[in-house]
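Look through the structure before reading the points below.

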Amino acid sequence: MPNKFHNLLSVSIWMALPLCLNPIAAQAESRGYVIGWLATASYYTGDVKMGCPDGRNGGVVEMHARELEAIGFGKKEAVELQRKQRDTDAIVPEYRDKVYNRARINGKEGSVFTYPDFTSDPNVELYSGKYAYGFDLTGTAGPSKFEDPETHARVDNQLWRALGCINQYRTFPPQKPMLEDTSWDVFVDNAPAWTVQINGDDLSKDGKVTVTIGRATQHLLRDATSSTLRDATYIVDPASKTRNVLEGEIKDGVLTIKPAHIYLEGELPFYMDIELDNGHMRVNRQPDGKLIAYMGGFTDWKRYAYMSTARPFQDAAAIEGYHALKKVADSDPDPVTGQNRKISATFRWEAVPAYLADSKGNILASPDDLVQPQKVANNAAQ
Amino acid sequence: MTIFEKVEIDKTMNGIRHFSVRHAKSLSVGACLLVIAASFGARAAETNVSADKPTSMRISSSQYRRTIADIFGSSIVITARFEAETRENGLLAIGALNNSVSEDGFERYYEIAKDVAAQVTDKRHRAVLIPCKPKSATAGDEVCARKFLATTGRLLFRRPLKNDEIQALVAVSKDTANKKKDFYAGISTSLIDLLISPDFLFRYRNIEPDPARPGHFRLDSYSKAAILSSFLWNSNPDDLLLKAAENGSLQTDKGLAMQVDRMISSPEIESGVRAFFSDMLGLDQFDVLSKDAKFFPRFTPDAKRDAPEQTLRTIVDHVVDRQGDYRDLFTTRHTFMTRALAALYGVPLVETTDNARPMRWLAYTYPEGDPRAGILSQASFVALYSGAGRTSPTIRGKNFRLNILCQVVPPPPPNVDFSLIQDITNPKFKTVRDRLTAHRSNPTCAGCHRLMDPVGLAFENFDSSGGFRTTENGVPIDTSGEWNGVKFSGPVELTKALHDDPAVTACVARKVFAFASGAMPSGNSAQWKEIQTKFADSHFNFLQLMRAIAVSDLLYSVPETRVSLLEHK
């Protein structure tokens, strides 16, 4: 599976664009997309030991049992609590009370989700593999750098170092890490879609482009396979805080951007928003017109962790992740405590071709997977 | 005693047909349904005195729904499925002549009737739908029950109820109300009896001596009213139409014309137009249409739901709102879209409401030069008449001829070898045109395929789901052909070539007549010529065609075979 994925990436070609263009290439092109898949960029080959030689983390059951032991539970009692919860779909109150309230504030029980700093560090194994997706955010060499499996550049991705040995993150597309997968399913039907518009003189060739990431007034539409519907029309929300106009370039068929601040406002349980300082992006167009992109930069690790800790019952490894992120955060030190507030991170997204229009009905961008994409909305006057 | 004898006895006892059903309820469930189903069959056989001109038609599921909505309001919800309808000679309306009610079908009618009656008499609706308050809510009230049942029964049976019919219904209502100590339970029971009666589920053509032509027969007024309302409104007669039947004015040319004009100028005419075209184009078949989602992911459940509706909206807009030339239906660039359909067709549709929920219908005009125009380029045709995974120019061509030109293509002979056509991986024949050309080398197949394939191939730019394409297996698709000596390339040019073909307008006239009467017009009578002339003189205005047929004596003629049989009896 990973090999297949990598092969797919290696053959992803902007060079295929001429095949899909009209015979007469336009002087300026504008292509539209909606993001139909987004998740933390995981790197996992299916080898359970990959990057985690100790293999000591185990699953959530084992991690929680260890944490209960750390606050005084007997091993048998800790395991029994886990078993009771594992054997039912309902919330077992006893489990909820003990496991969720394993924070200790001046000796008193407290919710780990409200007081994550009042739990001891579970000290999960950190990812020590060679590869991770990402970008060189600092321009300096260092032991914490990974190698990007696509570009083979030395890259920063401490987010993956923190989470890469936690089972639920060890996935490969199309599967997302568990919480993100669940959250995305909700997002598709209920939250506004993120739009991507690429403008350039001739997108079939290398050259300068502008990438605009915005937000639609409409949610994503699903197709008959429950994936994102292609070629639907979305209105770009003129009032959205998500409006990133990014300078970019296509070189050797790969689109990259000039580093910039990137902000995506979400309405979904997991991704309330994504904010990246020193944001980088690398986009590959697939032969079927879909885009696959990696987007990285420094992000607030607490806001990232909150996306897990805000979902108590699906706690999974929220506290384990919290402490790991805190430990390996690598940017923006707090002037008082010295604790880094941001962490290098990379996300992966996929986008399908779409029509993008403004709220007055003008077509801003057309899909590039159609035989005859139209430039004008003929219901605009209605 | 046979089942039929049992039914006849029941009829004698109570004076109306539906009580055979109610009495049967006391039997075991299986026997009950058998008796009931047999009673429907017996009734159908009883009225169909001539094999070639039967005189009862089972109302369609859409007529049932429409009638219930017209009488009780649209808040009465029917969620069940009805017994399948039979398509004959290209129309369900013709098949309706021979439809009976099976045991399973009756069970469905009975369940639907119970559900409708429960809603009509529930606390939400009773104050509005039952025109009186009982003296006591816990006992029968003959006066109030009579008022509701006589009024409602007249609208459901398309005629006033006879005294003994009303008396029987009131008695049942009172009996049930007293037993259950609930007036509305009694009303509900009698309403169920009305709704499962053959007098509601079937439209009958009853004849009477024609006073203007001694020795001849004519349809009675109520039969004429039922034909008119079914044809023009896809529903039962309203109060005004029944009054015209009651006072005899419907038997005069002037009175008939007055009612027809009133009905055509009513917004309800849209229902009749929709029902006709839905039948003509076979849109009911969308219920069982499926596409391979792997190959056609844009053929979503929403797109499937919206495809037939798009065509009906296009038609209503063109023939009712714009009063356009019928022939332009096949070339019009005006249509309607939802976002799901727009994605299927690959066109932009700007929906500015918040989150676009629910999907709205928006008017849409294809730009000049677009390969799509007219209703035959819509998914309701190109997707409906395709396989789940690939197109079929043969099926498209066959249904084009049947639906649009009234030309019947014989079924394929037995033991035909389809392997060549179905082998889409054959490197020698990359396009379906190649495969069909090879298939036509078999002289047994060639005759019919020459009729079907050239027309069907014109639509090959539309894939099995209705999406647009220009290549098949990497080879450019050739959509050229010839129609009546005119060369065309693609469906837009085909439909332009088709525009002045008299077969197009002659066919729709025949189909409309058959939709109204249950049978294709026979011969070439002066009355039929007059209908066609009126249609042509109106610049092929579809509503004028409906009017010409609705006021023509031809629609209400009584077959001589039936008259002679009646006289013989």
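Gln323(B) counts as partly exposed, because 13 C-beta neighbours lie inside 10 Å, and a residue is called buried if 20 or more lie within that distance and exposed if 12 or fewer do. The model is predicted.

**Positive phi angles in chain B**

- Gln323(B) is not a glycine, yet its phi is positive, near 50°.
- In chain B, the loop that holds Gln323(B) runs between helix H16 (301–321) and strand S5 (334–337).
- Arg158(B), also a residue other than glycine, has a positive phi of about 65°.
- Arg158(B) sits in the chain B loop between helix H8 (142–157) and helix H9 (163–180).
- Arg158(B) is classed as buried because 23 other C-beta atoms lie within 10 Å.

**A cis peptide bond in chain A**

- Pro173(A) is joined to Pro174(A) by a cis peptide bond, with omega near 10°.
- Pro174(A) belongs to the chain A loop between helix H6 (158–163) and helix H7 (178–190).

**Domains of chain A**

- Chain A has a domain 1 (2–52 + 126–365) and a domain 2 (60–118).
- The C-alpha centres of domain 1 and domain 2 of chain A are 34 Å apart.
- Contact between these domains of chain A involves nine residues of domain 1 and seven residues of domain 2.
- Helix H9 (residues 318–328) of chain A supplies four residues, the largest share of the domain 1 side that touches domain 2.
- That side of domain 1 of chain A consists of seven nonpolar residues, one polar residue and one charged residue.

Key. Residues are numbered from 1 along each chain as its sequence is written. Chains are lettered from A and ligands numbered from 1 in the order in which they are written. This is a predicted model: local features need pLDDT of at least 70, side-chain atom pairs count only at pLDDT 80 or more; totals for chains, interfaces and linings use all residues. Helices (H or I, at least four residues) and strands (E, at least two) are DSSP runs, numbered from the N terminus. Domain bounds come from an automatic or database domain assignment. Two residues are in contact if their C-beta atoms, placed from the backbone, lie within 7 Å. Ala, Val, Leu, Ile, Met, Phe, Trp, Tyr, Cys and Pro count as nonpolar, Asp, Glu, Lys and Arg as charged, and the others, Gly among them, as polar.
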